[in-house]
Amino acid sequence: MSLSTWTKRWLKTSLTLLVILIGCSLVFFLNLLIGRHSGETNLAINQVRLRVNPILLQLEQNHERLNEPDLRDQLRFIADKSGLDFDYVGLDGMVILSSSPSSEGTQINLRSALHYDLNHALVAMDGSQSLNLAFPVMDGPGGGQIGNAIFTIPQSLVIVQKSSTFTFFVLGTLVIISILLGFLLIFMKRKIRKRMLSPIHQLKQHAESILKGQYNDQIQYNRMDEMGELYAMLDLMRTEIMHLSEQRIRQEKAQKELITNISHELKTPITTVKAYIEAILEGLCSDEETLKEYMEIMRTHTDKTARLVEDLLVHALQELGQISVEPREVYSRSAFETMLNPIGHIVRMNSLIYEEPEHIPNVLIRMDPIRIEQVLSNLVSNALKHTVPGDSIRINAELDLGKLRISIADSGQGIRAQDMPFVFERYFRGNASPSARNIHEGTGLGLSICKSIIEAHGGHISFSSKEGQGTLFQFTLPIC
Ligand code: ADP
């Protein structure tokens, strides 16, 4: 059951019990309140009437014969049987007939002695065990009042002990509901601790370990409720943070390596150029032919340095997300011929067979010649790094479905299958075979830069390779 359903059910049950509890309490108190006033007296007056009626009837019917001793005795007898004492008082306050004959002929104060209302009579009791209640005695039906019968009634006859069953029932319900509510609260407390507080505490501990960088402890929770969802989310966050952290560590390492590689990449050509300049200055270069040869070597190395600096610049822009490509409309043939001439020269200089494109289609394309030359230069430079003298580099240009496709194929060592998915990744450097030249060269930036440049032109770059047989890189550029 989900936490919200469970909480709703619990709240509903508690509220129902609470409403019953309040209802019972109200009934109980109302009952007490009402019972104190009207209910009891209503019930009592009926009982009193039943007892006094025979005497009242006799008094009304036979008031003219009240001097007859038999009648007087009979009335006293009836009163005695009913458990009552009475005084029959004339309108002048004189006691005409009484349960205790000694009172007869005495005068009573009608003002203070007459209580027709049971409540007044109850108030006037003033601590005694019986009360005096007066009933008017009439002269037959329709006649006027001829006197008053004052009955002395025992308290027990008037204040009826109210049936306590109902009170007990209400009280019992109150107690049962309170106990139920109490149990429910205890049960709820346990449940809350088990299903909410402990998981939250555990969750806090997990969050703390994540904060401390301990990403390996898996977060587990067995229930499929809201808490389970929260746990799953936190675990997802943990794995995400773990991957990001691993990625950051990898990147930091790669950047450190990049600096080492750049230093090495720059140092080698600069040292070489410096050595050749010193050789020329020391006069080691006897003839013009050797001088030209030296100059060529120095040019190759300075080209390399320039290419590296250009790569670094693009890399920096890539990092900032603002790779600078400024395409303009150019005719493909002349543009590529200009770019490929020096490349062919370099390839041959490296004792490789250069196969230039047989035919370059002449179409109008939008490109940034400087950046596309950087792409060509990087791809050829890679081919040079992974070939040995005697291998070949072949460049081709053709039209393919409204696009110009340029391919650079080499017959070098090829790319290892396990490296293939990563070659376009920044900082990735594959494991070169010991036979390849310049094994330690490279920053791992070249192909990622090529990809960015080509994609910024709206084109696509891909490769195919077979280990030991060679590699083919090709890119497309959209035709205008
Ligand atoms: P770098 O050349 O500086 O190492 P790149 O991004 O240019 O970086 O290339 C990434 C990796 O791809 C290289 O380290 C290499 O393993 C592989 N690679 C690229 N071009 C070739 C190729 N023509 N032949 C074999 N491997 C290649």
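Colleague: Which element holds Ser 407?

Modeller: This is a predicted model, and in it Ser 407 belongs to strand E9.

Colleague: Is Ser 407 buried or exposed?

Modeller: Ser 407 counts as buried, because its relative accessibility is 8% and the cut-off for burial is under 20%.

Colleague: What does Ser 407 contact, leaving aside neighbours within four places in sequence?

Modeller: Ser 407 is in contact with Arg 394, Ile 395 and Asn 396, and also with Leu 472, Phe 473 and Gln 474.

Colleague: Turning to the nonpolar residues, which members of the largest core touch the most other members?

Modeller: That core has 44 residues, and those touching the most other members are Phe 336, Met 367, Ile 372, Leu 376, Ile 408 and Phe 475. Among the elements that give two or more residues to this core are helix H9 (332-349), strand E9 (403-410) and strand E11 (470-478). Helix H10 gives the most, with seven residues.

Colleague: And what does Leu 376 touch, beyond four places in sequence?

Modeller: Leu 376 touches Phe 336, Met 339, Leu 340 and Ile 343, together with Ile 406, Ile 408 and Phe 475. Apart from this core lies another, of 28 residues, which includes Val 48, Phe 86, Tyr 88 and Ala 149.

Colleague: Where is Leu 234 placed?

Modeller: Leu 234 is in helix H7, and with a relative accessible area of 14% it is buried. Not counting residues up to four places away in sequence, Leu 234 touches Leu 203, His 206, Ala 207, Ile 210 and Ile 219.

Colleague: How many residues separate Leu 234 from Ala 207 in sequence, and what is their C-alpha distance?

Modeller: They are 27 residues apart in sequence, and their C-alpha atoms are 7.9 Å apart in space.

Colleague: Now the whole chain: how many helices and strands are there?

Modeller: The protein has eleven helices and eleven strands. Its radius of gyration is 59 Å, well over the 23 Å that the globule rule gives for 480 residues, so the protein is more spread out than a compact globule. The C-alpha trace spans about 180 × 45 × 40 Å along its principal axes.

Colleague: What share of the residues is buried?

Modeller: Buried residues make up 38% of the 480. The protein exposes about 28600 Å², of which carbon and sulfur atoms supply 58%.

Colleague: Lastly, how far apart are the mean positions of the positive and negative charges?

Modeller: The mean positions of the 47 positive and 53 negative charges are 4 Å apart.

How values were computed. Residues are numbered from 1 along each chain as its sequence is written. This is a predicted model: local features need pLDDT of at least 70, side-chain atom pairs count only at pLDDT 80 or more; totals for chains, interfaces and linings use all residues. Side-chain values use heavy atoms; hydrogens and water are left out. Helices (H or I, at least four residues) and strands (E, at least two) are DSSP runs, numbered from the N terminus. The radius of gyration is taken over C-alpha atoms; the globule rule is 2.2 Å times the number of residues to the power 0.38. Buried means under 20% relative accessible area, exposed over 50%, partly exposed in between (1.4 Å probe, protein chains only). Accessible areas come from the Shrake-Rupley method with a 1.4 Å probe; for residues, only the protein chains shown count as cover. Lys and Arg count as positive and Asp and Glu as negative; His and the chain ends are not counted. The place of a charge is taken as NZ of Lys, CZ of Arg, CG of Asp or CD of Glu. A nonpolar core is a set of buried Ala, Val, Leu, Ile, Met, Phe, Trp, Tyr and Cys residues joined through side-chain atoms within 4.5 Å. Contact means heavy atoms within 4.5 Å.
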